[in-house]
Amino acid sequence: MVSEHDGMNASRVEIAKSDNSRPAAANDAKGLLADKEATLLAASIDGRTLNDPEHLVRGEREATRAAIQEPECKDDEFPDGGLRAWLVILGAICTTFSSFGFVNSWGAFQSYYEQTMLRDTSASDIAWIGSIQYSFTFFPSIITGRLFDLGYFKLPLYLASCLMIVATFLTAQCTEYWQFVLCQGIAVGLASGVIFGPTIAVISHWFKKRRGMALGIIACGSSIGGTTLPIAFHKLVVEVGFPWTMRIIGFILIFTLGIAILTLDRRLPPVNVSGGLLNLRAFKSLPYTLYTLSAFIAFLGLYTVLTYIDVSAAVNGVDDNFAFYLVSIANATSIFGRLSSGFLADRIGAINIMSPFTLVAGILTYIWPFVTGKTAYIAVAVIYGVSSGAYVGLIAAPMIALGDTGDVGRRTGMYFSVLAVGALAGPPISGAINEATGNYTATGIYAGTMVIISVAVMWTSRCLVLGRLWGKF
């Protein structure tokens, strides 16, 4: 028989259960309300996107600004120094020495081939070998950039290094024009592109606050290679002949690329972002599109002076033995442009530095065909080397900022692939203009105009990012 006391206790228990169930029911109601609000918000966003296509562009601009001005706390995630990061810089210097440094030595090869091994071939046709080198240094980036984002870095670097070395040794055996195109143009250029492209992306894993400085330092490898390799070629080709000169250069590349393979490495995990090989949505960002277009236009004229300065000097009475060194002088002085621009870019902004330096390079391109005498050519080589070096040393810096770090490889790859078309067409166009007119005046006007137009387009891209005329970018 149940007592009255027991009945009262049971009633209290039931009341307590009822009270405890009320918060749970309230929480369920709140959850349902939150889900309903989220559904309504998503529908609102989808409707706004469909009814207002410009919303996508505005969103891309906001994403761009956010990428440039990331929260301060994220800066602490980047080493920006330390033994491992500086070893990466050392390896990157070796890659730019072996890729861009070798490619930037082309002016010396152009002059030598015109006078000796390919004297029956037109200057414009010979220039195609160098143009293929230049363009292929950038073309593979669209593939290597995507592979880098997915985590593939060491294997492509190793295979490309082997191809570079083998192609250099095979160039030593070349005697016909098509052989030079295949070995020194396509093979060396393709290997340079696979080596160079991901190197820029690796730097973005290790440096952020000092990224401009880091890019300026690694770009010096290109200047060192572009200075020492032409001099070595000029000296050795007289002493040991062309075949052994190329073999010695091949041994140098074994050493530098070996260091690169041992020291370069990723830091951040792979990111399998959507979109496959291309991220065409990036071109919905007008600043990204204009900056990419500016590089394409710039390279239609940028390498004209470096390709033809020694040949034009010899034509205008400068001693052949000295004219040969003008390419090395330009590449040597570009070190100052690359280093100074790198340090200044971290404080002032990359495009704020690139624009005036590139403008000077365009003006010098106009002046170059009219100079005479050794002193004048040295002045052009020095000033052009500094100014063009600042541009080349920083071309990837704004590109890294125009988006998320996880997509940097693919985004930079698309940029370099577009740029490659300009690098491919530029020197042969200049050579064809020279052959048609019989002098370098029209060539200088064409190339200088392309460079100056690129500055205007690049500055427009900068203003769109900032939303104003002045500011750091």
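Phe136 counts as partly exposed, because its relative accessibility is 22%; buried means under 20% relative accessible area, exposed over 50%, and partly exposed in between (1.4 Å probe, protein chains only). Before going further, please note that this is a predicted model, in which local features need pLDDT of at least 70 and side-chain atom pairs count only at pLDDT 80 or more, while totals for chains, interfaces and linings use all residues. Residues are numbered from 1 along each chain as its sequence is written, and side-chain values use heavy atoms, with hydrogens and water left out.

**Aromatic pairs**

A pair of aromatic rings is described by the distance of the centres and the angle of the planes. Rings of Phe, Tyr and Trp (its six-membered ring) pair if their centres lie within 6.5 Å; planes under 30 degrees apart count as stacked, over 60 as edge-to-face and the rest as tilted. A search of the whole structure turns up 31 aromatic pairs. Two of them are listed here.

| Pair | Centre to centre | Angle between planes | Kind |
|---|---|---|---|
| Phe136 and Phe139 | 5.9 Å | 90° | edge-to-face |
| Phe138 and Phe299 | 5.4 Å | 70° | edge-to-face |

Helices here (H or I, at least four residues) and strands (E, at least two) are DSSP runs, numbered from the N terminus. Are Phe138 and Phe299 buried or exposed? Phe138 is buried, with a relative accessible area of 0%, and Phe299 is buried too, at 1%. Phe139, by contrast, is partly exposed at 28%. Both Phe138 and Phe299 belong to one aromatic cluster, whose members also include Phe100, Tyr134, Tyr303 and Tyr415.

**Asn104 and its contacts**

Asn104 is found in the loop between α3 and α4 and counts as buried, at 2% relative accessibility. Leaving aside residues up to four places away in sequence, Asn104 touches Tyr134, Ser222, Gly226, Tyr303, Val327, Asn331 and Arg338, where contact means heavy atoms within 4.5 Å.

**Helix α10**

Helix α10 (residues 242–263) has 22 residues, which should span 32 Å at 1.5 Å a residue; its end C-alpha atoms are 32 Å apart, so the two agree. The expected span is 1.5 Å times one less than the number of residues. Among the buried residues of α10 are Phe242, Met246, Arg247, Leu253 and Leu257. What covers the buried residues of α10 includes α3 (83–103), α4 (106–115), α7 (154–171), α8 (177–206) and α9 (211–239).

**Around Leu278**

Leu278 lies in the loop between α10 and α11 and is partly exposed, at 34% relative accessibility. Leu278 and Arg410 are 132 residues apart in sequence, yet 6.9 Å apart in space, C-alpha to C-alpha. Beyond residues up to four places away in sequence, Leu278 touches Ile142, Arg410 and Met414.

**The chain as a whole**

The protein chain has 19 helices and zero strands. Of its 473 residues, 53% count as buried. Among contacts with a separation of 6 or more, 85% come from residues 24 or more positions apart.
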